[in-house]
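Reader: I have a structure on the screen and would like to learn how to read its features. Where do we begin?

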Amino acid sequence: MSAANGTVAAVDLGASSGRVMLGQVGPNRLDLHSVARFPNNPVRTIDGLHWNILELYRNSLGGLRAATREAPELASVGIDSWAVDYALLRGDRMLGAPFHYRDDRTAAGVQATHALVPPAELYGRNGLQVLPFNTLYQLAADRVGGDLAVADGLLLIPDLLGFWLTGRRVAERSNASTTGLLRAVGGAAADWDTELMGRLSLPRTLFPDLVSAGEAIGPLLPAVAADVGANRLELVAVGSHDTASAVVGVPMLTDDCAYISSGTWSLVGVELSAPVLSEASRAANFTNEGGVDNRVRYLRNVMGLWLLSESIRTWERDGDPVDLPALLAQAAALPGATTLFDVDDPRFLAPGNMPDRIDEYCREHGTRPPDSRAELVRGIVESLAAAYARTLRTITELSGQPVRTVHLVGGGSQNELLCQLTADYTGLPVLAGPVEATAIGNVLLQARAQGFASGSLESLRALVHQSYPPRVYSPTPRARVVHANISD
């Protein structure tokens with residue numbers, strides 16, 4: 001490690017909340033703490049579901065003000081967020097609040113895109129699993145609707161906030177890889193697929209220059225610097241797709257590990273040196289996304305704790321407060337789930353009454369629906385664990401990468417029932433934590449760029465393991481049940 005010590009700030013925006021974290025990094029030192037937390041509540045208007053991006057920016061600025069008050073020597077800031085969503089620009093003006101990926105406008109975009117470029121060819125070019133909200137499908141919907149005709153620029157969410165901070169338009173590669181418009185070669189060689197853009201009638205001029213994690217984007221604009229109280233503060237590109245930063249923050253000490261970044265979504269995967277673009281991989285709907293330091297994140301999006309949080313929202317909207325720790329304890333005390341269900345069924349994607357949808361799924365598939373909240377929670381958590389196990393088995397088959405340990409990071413690492421059931425269903429030890437893996441990865445990449453840390457991803461992860469030792473969950477002796485009636 002470098003002999004230097006320093007402090008950086010991570011703006012980490014999740015699909016349900018945001019935070020600004022201060023990170024202090026030096027020889028054998030990695031300390032993080034929160035200086036601001038705020039909700040991320042989407043807004044439905046007459047034309048659909050949108051992100052309240054101005055509120056997120058306002059809260060991020062407030063967090064940076066708190067960060068600079070506490071650490072006047074702050075060296076840099078990095079921004080990460082969820083993937084795929086974007087704002088259209090004309091000049092410096094945002095043309096409208098970015099759509100939320102759960103908005104249903106994208107269905108027409110999938111059909112319009114596949115009519116121009118067959119799915120098999122698309123996979124060979126971009127390596128992405130088919131998800132209806134992928135950026136290229138959203139852009140197809142915008143093209144059909146005429147919105148692209150008035151736009152001259154496009155920025156993904158973290159790049160949009162970075163533009164407002166610095167005045168510079170760029171696209172960081174890990175997040176750009178989720179658009180479906182980046183060539184699936186991985187690393188610094190990955191570039192925009194201009195031929196594909198042309199075939200999809202997407203103007204190349206919409207898309208900014210690419211940067212890689214660790215590159216300095218630029219200093220804050222004078223007005224922004226004055227607002228947050230920072231005389232000298234620069235924006236550094238990190239793995240701006242939050243999963244890319246989270247994977248940096250996974251305390252993996254060996255190559256035979258898989259990761260599960262468990263939050264609103266569950267990202268289940270391994271880190272590879274090259275993409276897997278086989279027909280079998282496409283048929284299994286696995287994705288190849290850009291990672292840090294020329295790595296490829298080979299993974300599958302699995303529905304996550306959204307199922308649980310949306311169920312809680314439904315109950316609380318009905319005026320009935322939920323004690324989640326007590327409910328999880330009741331679920332853990334049950335001998336098992338009354339039924340398991342396919343967590344990736346499309347009916348679970350949109351906001352709404354999740355308990356009723358799970359009940360509907362069970363009735364359609366001839367299984368007994370949960371008849372209590374504890375049974376529903378147990379069914380959700382156990383169904384997620386079963387999906388993780390199926391996904392990991394397929395990953396080893398498709399990639400040839402052996403998996404002997406599973407690292408579970410993010411909010412789900414605090415859910416003891418989920419961690420234990422994941423160990424039981426996979427038959428592998430599960431190492432849980434850190435909770436703030438995304439912010440940790442964000443901080444470490446800035447620290448390396450500033451000279452407060454050095455070395456490979458492996459050395460950065462060793463520092464994470466030392467600073468935040470994971471909790472180990474071993475498979476229990478009880479037999480693992482494989483529910484063959486649940487399709488992937």
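Author: We begin with a cut-off: a residue is called buried when its relative accessible area is under 20%. Keep in mind that this is a predicted model.

Reader: Which residues of helix α3 are buried?

Author: In helix α3, residues 119-126, the buried ones are L122, Y123, R125 and N126. They span an arc of only 165° around the axis, which places them on the same side of α3.

Reader: What covers the buried residues of α3?

Author: The cover includes the helices α2 (107-116), α4 (135-145), α7 (194-199) and α10 (279-283), together with the strands β16 (287-290) and β17 (296-303).

Reader: How do I read a salt bridge here?

Author: Look for a side-chain nitrogen of Lys or Arg within 4 Å of a carboxyl oxygen of Asp or Glu. The structure holds 31 salt bridges. One of them joins the side chains of D193 and R125, at 2.8 Å from N to O. Since D193 sits in the loop between α6 (173-176) and α7 while R125 belongs to helix α3, the pair ties together parts that are 68 residues apart in sequence. Both D193 and R125 are buried. A network of salt bridges links E121, R125, R183, D193, E195 and R199.

Reader: Is the pair D31 and R29 buried or partly exposed?

Author: D31 counts as partly exposed because its relative accessibility is 37%, and R29 is partly exposed at 33%. Their side chains meet in a salt bridge of 2.9 Å, N to O.

Reader: What should I look for in the backbone?

Author: Most residues other than glycine have a negative phi, and most peptide bonds are trans. Here, N28 has a positive phi, near 55°, and lies in the loop between β2 (17-26) and β3 (29-39). N28 counts as exposed because its relative accessibility is 55%. N285 also has a positive phi, near 60°, and is found in the loop between α10 and β16. The peptide bond from G433 to P434 is cis, with omega near 5°.

Reader: And how are pockets found?

Author: Rolling a probe the size of a water molecule over the atoms shows where empty space is left. The second largest pocket has a volume of about 310 Å³. It is lined by 16 residues, of which V130, L131, P132, D344 and P346 are the closest to its centre. The lining divides into eight nonpolar, three polar and five charged residues. β17 gives the most to this lining, with three residues.

Conventions. Residues numbered from 1 in each chain as written. Predicted model: local features only at pLDDT ≥ 70, side-chain atom pairs only at ≥ 80, totals over all residues. Heavy atoms only, no water. Buried < 20%, exposed > 50% of the residue type's maximum accessible area, 1.4 Å probe, protein only. Helix = DSSP H or I, 4+ residues; strand = E, 2+ residues; numbered from the N terminus. Arc of directions from axis to C-beta. Contact = heavy atoms within 4.5 Å. 1 Å grid on protein atoms, 1.4 Å probe; cavity = no way out; pocket = protein on both sides within 12 Å on 5 of 7 lines; lining within 4 Å. Points joined across faces, edges and corners; volume = space filled by probe spheres on them. Nonpolar A, V, L, I, M, F, W, Y, C, P; charged D, E, K, R; others polar.
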